[in-house]
Amino acid sequence: MDTPVPPPAVGPGPRRRDRHGRGMRGPIAPPQVPLSASRAEAFADLVQDSVERLERRWPQLAEIDFLVLEVPRLDGDGRWSDEAVPLGGTVPSVEGRPARVVIYRRPVEIRTKAREERAALVHEVVVEQVAELLGLTPETVDPRYGEE
């Protein structure tokens, strides 16, 4: 007598198809394509591009740390002040720690729509913060400041 073949056991191995039988879902684009970069990574790239642009004219910027944070911190009492939300800030060098320029990603993203507009605003904020740190005017740091 022929015995029926039992169905294969479903184990912890990789699934071959999703529940609708359409196949594996995967990334839309390979990792080397800009589509796969997160918004935070794309924003950090804009900041890096702006810093590199300024470092050609101001080599001392290599000694400054440039950071990207999501949002600014609240005041010590846990409330926002009546001022507008800052787009960036500076931290002077203290006790051997390098000076820092901080760019806040979410406030900049909220104020811009297109990538080109965002890149221009990021550069403007970086120039303003570097100017504050160096004690110069933004026009001295970047002669094209305000033109873009």
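**Salt bridges, sheet and helices**

Five salt bridges are counted here, a salt bridge being a side-chain nitrogen of Lys or Arg within 4 Å of a carboxyl oxygen of Asp or Glu. Side chains of opposite charge can pair when their charged atoms come close. The model is predicted: local features need pLDDT of at least 70, side-chain atom pairs count only at pLDDT 80 or more, and totals for chains, interfaces and linings use all residues. Residues are numbered from 1 along each chain as its sequence is written, and side-chain values use heavy atoms, without hydrogens and water.

Start with Glu109. Glu109 forms a salt bridge with Arg39, with 3.9 Å between the closest N and O atoms. Glu109 sits in helix H2 (residues 105-110) and Arg39 in helix H1, so this pair ties together parts 70 residues apart in sequence. Helices (H or I, at least four residues) and strands (E, at least two) are DSSP runs, numbered from the N terminus. Glu109 is buried, at 9% relative accessible area, whereas Arg39 is exposed, at 54%. Buried means under 20% relative accessible area, exposed over 50%, and partly exposed in between (1.4 Å probe, protein chains only).

Arg106 is partly exposed, with a relative accessible area of 28%. Shared partners join Arg39, Glu70, Arg105, Arg106 and Glu109 into one network of salt bridges.

Now step back to the whole chain. The protein chain has four helices and three strands. From the N terminus, the order is α-β-β-β-α-α-α. Buried residues make up 26% of its 148 residues.

The sheet comes next. Three strands form an open sheet in the order S1-S3-S2, with mixed pairing. S1 and S2 are the edge strands, each pairing on one side only. From one strand to the next, the twist averages 20°. Strands pair if DSSP finds at least two bridges between them. Strand S1 (residues 65-69) runs parallel to S3, joined by five bridges. Strand S2 (residues 88-91) runs antiparallel to S3, joined by four bridges. Ile103 of S3 is the bridge partner of Val68 and also of Gly88. Phe66 has Val101 in S3 as its bridge partner. Four of the five residues of S3 (residues 100-104) are buried, so the strand is largely enclosed by the rest of the structure.

Helix H3 (residues 115-134) lies across S1, S2 and S3, at about 25° to S2. Axes are lines fitted to C-alpha atoms, for helices over the stretch in contact, and angles run from 0 to 180 degrees between N-to-C directions.

Finish at Asp142, in the segment after helix H4 (138-141). Asp142 counts as buried, at 8% relative accessibility. Its side chain makes a polar contact of 2.6 Å with that of His123. A polar contact is a pair of N or O atoms within 3.5 Å; within protein, one must be able to donate a hydrogen and the other to accept it, and residues adjacent in sequence count only if both atoms are side-chain atoms. Leaving aside neighbours within four places in sequence, Asp142 is in contact (heavy atoms within 4.5 Å) with Arg53, Leu54, His123 and Val127.
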